[in-house]
Amino acid sequence: MKSLEELKSIREKMQAQVGLRAEEKDLTRIVVGMATCGIAAGARPVLTAFSDMVQQNGTKNVMVTQTGCIGLCMYEPIVEITVPGSEKVTYVKMDAEKAKEVFEQHIVRGQIVDKYTIK
Amino acid sequence: MMTEISLNILDVAQNSVRANATQISIAIKADTKKDCLCVVIADNGCGMTKEQVENVENPFFTTRTTRKVGLGVPFFKLAAEITGGSFRIDSVINEGTTVFAKFVLSSIDRMPLGDISATMYTLITMNTDKNFYYVYEVDDRKFILDTAEFKNILGDIPLNSPEVSDYIKGFLEENRHEVDNGIVL
């Protein structure tokens with residue numbers, strides 16, 4: 001059983017690091033649609049894949065969030081990515097594998113993955 | 001149609017989030033002797049009027065404006081009732097809402113519980129301003145995750161910071177395994 005002691009040591013470790021939290025405007029946003037339509041189409045593994053990638057890569061200034069239904073239910077799971085200073089990019093019919101590819105290409109290398117975007 | 005009970009829970013719990021609840025409790029209780037799996041989602045959100053409660057099981061009722069159907073609650077209700085189980089919503093305006101779903105464990109029509117840890121992880125890390133009280137119980141063994149307790153320890157360190165969310169993921173998975181010994185519910 002994982003203990004709360006472990007959480008205490010995480011706190012102590014993190015309090016030692018001085019806050020370097022990025023400002024809102026400098027954040028890249030990954031927004032996953034998580035209404036009934038999105039969840040039924042498989043949004044949860046997509047969201048988890050993005051969170052895991054951010055965690056594994058230790059990527060800074062990236063925020064993974066969720067939103068409700070944007071009215072394009074037939075294209076779910078939908079992911080919107082906004083890099084500061086650029087237009088929002090909308091990816092459709094996503095899955096965990098595509099999410100990894102989009103993370104590597106778009107978030108890490110700055111290359112939009114056209115084949116998954118909405119035309 | 002959802003493929004896992006845990007996806008229904010994720011979806012219906014979003015209603016609690018949108019109802020501006022500050023406290024959301026989710027309890028999963030499997031009892032092999034009584035042959036049932038009970039799911040209770042309770043919040044202290046804005047609640048619903050009597051008319052809304054009557055309509056919420058109707059798929060063509062929704063408060064949203066982006067589309068004309070609301071399938072979250074009907075899906076959950078159907079999933080429970082096709083197993084021979086039951087479904088109920090109690091709601092008091094300005095006090096909160098409680099959703100009860102009872103599934104017959106051995107029914108061939110019961111969808112699997114699925115990845116409930118992923119559902120809880122998503123809810124907790126995406127809504128760090130809410131308190132979640134999660135109970136996972138199989139027969140006489142159970143574990144509890146109370147984010148209020150986590151927040152007390154962490155102070156101003158957010159639940160979605162990488163080190164903490166990784167701990168939460170491990171906490172959910174390891175404790176689940178200890179409670180159910182890896183059986184597939």
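In this predicted model, the side chains of B:Glu4 and A:Arg44 meet in a salt bridge, at 2.8 Å from N to O. A salt bridge here is a side-chain nitrogen of Lys or Arg within 4 Å of a carboxyl oxygen of Asp or Glu. The rule finds two salt bridges across the interface of chain B and chain A.

Residues are numbered from 1 along each chain as its sequence is written, and chains are lettered from A and ligands numbered from 1 in the order in which they are written. Local features need pLDDT of at least 70, side-chain atom pairs count only at pLDDT 80 or more, totals for chains, interfaces and linings use all residues, and side-chain values use heavy atoms, with hydrogens and water left out.

**The interface**

- The rule also finds 11 residue pairs in polar contact across the interface of chain B and chain A, both residues at pLDDT 80 or more. A polar contact is a pair of N or O atoms within 3.5 Å; within protein, one must be able to donate a hydrogen and the other to accept it, and residues adjacent in sequence count only if both atoms are side-chain atoms.
- On the side of chain B that touches chain A, at least two residues each come from helices H1 (5-18), H3 (72-81), H4 (116-126), H5 (147-154) and H6 (162-180) of chain B. Helices (H or I, at least four residues) and strands (E, at least two) are DSSP runs, numbered from the N terminus.
- H6(B) gives the largest share of that side, 12 residues.
- Contact, meaning heavy atoms within 4.5 Å, involves 41 residues from chain B and 31 residues from chain A.

**Aromatic pairs in chain B**

- Over all chains, a search of the whole structure finds nine aromatic pairs. Rings of Phe, Tyr and Trp (its six-membered ring) pair if their centres lie within 6.5 Å; planes under 30 degrees apart count as stacked, over 60 as edge-to-face and the rest as tilted.
- The ring centres of B:Phe76 and B:Phe103 are 6.3 Å apart and their planes stand at 45°, so the pair is tilted.
- This pair links distant parts of the chain, 27 residues apart: B:Phe76 lies in helix H3 of chain B and B:Phe103 in strand S4 (residues 96-104) of chain B.
- B:Phe76 and B:Phe103 are both buried. Buried means under 20% relative accessible area, exposed over 50%, and partly exposed in between (1.4 Å probe, protein chains only).
- Ring pairs also join B:Tyr134, B:Tyr136, B:Phe143, B:Phe150, B:Tyr167 and B:Phe171 into a cluster.

**Salt bridges within chain B**

- B:Asp180 and B:Arg176 form a salt bridge of 3.1 Å, N to O. These two residues lie in helix H6 of chain B, four residues apart, about one turn of the helix.
- B:Asp180 is buried at 3% relative accessibility, and B:Arg176 is buried at 15%.
- B:Glu57, B:Lys77 and B:Glu81 are joined into one network by salt bridges that share partners.
- In the salt bridge of B:Lys130 with B:Asp129, the closest N and O atoms are 3.9 Å apart. B:Lys130 is buried at 8%, whereas B:Asp129 is exposed at 61%.

**Chain A**

- Chain A has four helices and four strands, in the order α-β-α-α-β-β-β-α from the N terminus on.
- Of the 119 residues in chain A, 42% are buried.
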